[in-house]
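User: Please take me through this chain by question and answer. Keep it brisk.

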Amino acid sequence: MSARNNILKRLRERTDGPLTAPVSDFAVVTGRGWNAQERLERFERLITSVHGEVIHVSRNTWTVDLVELLHAKGIRRLALGREHPVAAEARAALTDGDVTLVDADRDIEIWQHEQFHSTDAGLTSTRGGIAETGSLWLWPTPDEPRLLSLVPPIHIAVLDADTLEDTFFDIVESHGWATGMPTNALLISGPSKTADIEQTLAYGVHGPRELVILVRHAEERS
């Protein structure tokens, strides 16, 4: 019998019964009690403090703002998915424009050079946001692969305001990660940044230099 099996055998045959997980108090990581407006204000304050850009848009007309954003930033080649409603709406709005739409649902080996060298921005949906840390959370799919938000110099993320939650623990709980944890969830709290030995921050060295969040609201904001 191997050493590993010996150890497991001793654990199974403990005289004081099987091991059980200790009782945990999760109060410290949940129960913030913020309302929707407080969550939104905290999220925006934190993510803009690390160079994230927030643009408030209407859920009905957000693609108009997207077109204006692409023009303002000189984006001529935009990578995006096909199947998600965010991607489908964006494609419909950009059909007759001067922006080239780059399909993201291809094998990376096919368009690796294109993605790293000639794509100006990537557009993704989000699953929600975390008010406590000013973070987005994404669940990549073949339609919207992980590299879509990690490689292009500008990442444009579409966030519905009503999907903001207080803490990361609340995300895990409300979306049932204990029984169906995503294999590749991403937490994004600003554009890519790194620091040298003198603690001087530089943006965009290992990923997008800009993060723009289009926060969609069900109603027009006054």
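Predicted model: local features only at pLDDT ≥ 70, side-chain atom pairs only at ≥ 80, totals over all residues.

Residues are numbered from 1 along each chain as its sequence is written, and side-chain values use heavy atoms, with hydrogens and water left out.

User: How many helices and strands does the secondary structure of the chain come to?
Analyst: Both kinds of element are DSSP runs, numbered from the N terminus: helices are H or I with at least four residues, strands are E with at least two. Along its principal axes the C-alpha trace spans about 75 × 45 × 45 Å. The count for the chain is 8 helices and 12 strands.

User: What percentage of the 222 residues in the chain is buried?
Analyst: Buried means under 20% relative accessible area, exposed means over 50%, and partly exposed lies in between (1.4 Å probe, protein chains only). Of the 222 residues, the buried share is 38%.

User: Of the contacts with a separation of 6 or more, what share comes from residues 24 or more positions apart?
Analyst: A contact means heavy atoms within 4.5 Å. Among contacts with a separation of 6 or more, residues 24 or more positions apart account for 72%.

User: Which residue in the hairpin of S5 and S6 takes a positive phi?
Analyst: Strand S5 (residues 128-130) pairs with S6 in the antiparallel sense over 3 bridges. Gly 128 has Trp 137 as its bridge partner in S6, and Ile 130 stands opposite Ser 135. The hairpin has 4 residues between the strands, and the one with phi near 65° is Gly 134.

User: How many residues of strand S7 are buried?
Analyst: Both faces of S7 are covered. One side has Ile 154, Ile 156, Val 158 and Asp 160, and the other has His 155, Ala 157 and Leu 159. For strand S7 (residues 154-160), the buried count is 7 of 7.

User: How many bridges join S7 and S12?
Analyst: Strand S4 (residues 121-125) runs parallel to S7, joined by 5 bridges; there Leu 123 has Ile 156 as its partner. With strand S12 (residues 210-217), S7 also pairs in the parallel sense. Ile 154 stands opposite Glu 210 in S12. The S7 to S12 pairing has 7 bridges.

User: Is Ser 149 buried or exposed?
Analyst: Ser 149 is in helix H6 (residues 147-150). Leaving out residues up to four places away in sequence, Ser 149 touches Thr 124, Leu 138, His 155, Leu 186, Ile 188 and Pro 208. Because its relative accessibility is 4%, Ser 149 counts as buried.

User: Which residue has its backbone oxygen 3.1 Å from a polar atom of the side chain of Ser 149?
Analyst: A polar contact is a pair of N or O atoms within 3.5 Å; within protein, one must be able to donate a hydrogen and the other to accept it, and residues adjacent in sequence count only if both atoms are side-chain atoms. The backbone oxygen at 3.1 Å from the Ser 149 side chain belongs to Arg 146.

User: Is Thr 63 buried or exposed?
Analyst: Thr 63 is in helix H3 (residues 62-72). Beyond four places in sequence, Thr 63 touches Glu 89, Ala 90 and Ala 93. Its relative accessibility is 16%, so Thr 63 counts as buried.

User: What is the relative accessible area of Ala 202?
Analyst: Ala 202 is in strand S11 (residues 201-203). Not counting residues up to four places away in sequence, Ala 202 touches Ser 192, Lys 193 and Thr 194. Ala 202 is partly exposed, at 30%.

Terms used
Pairing = 2+ DSSP bridges.
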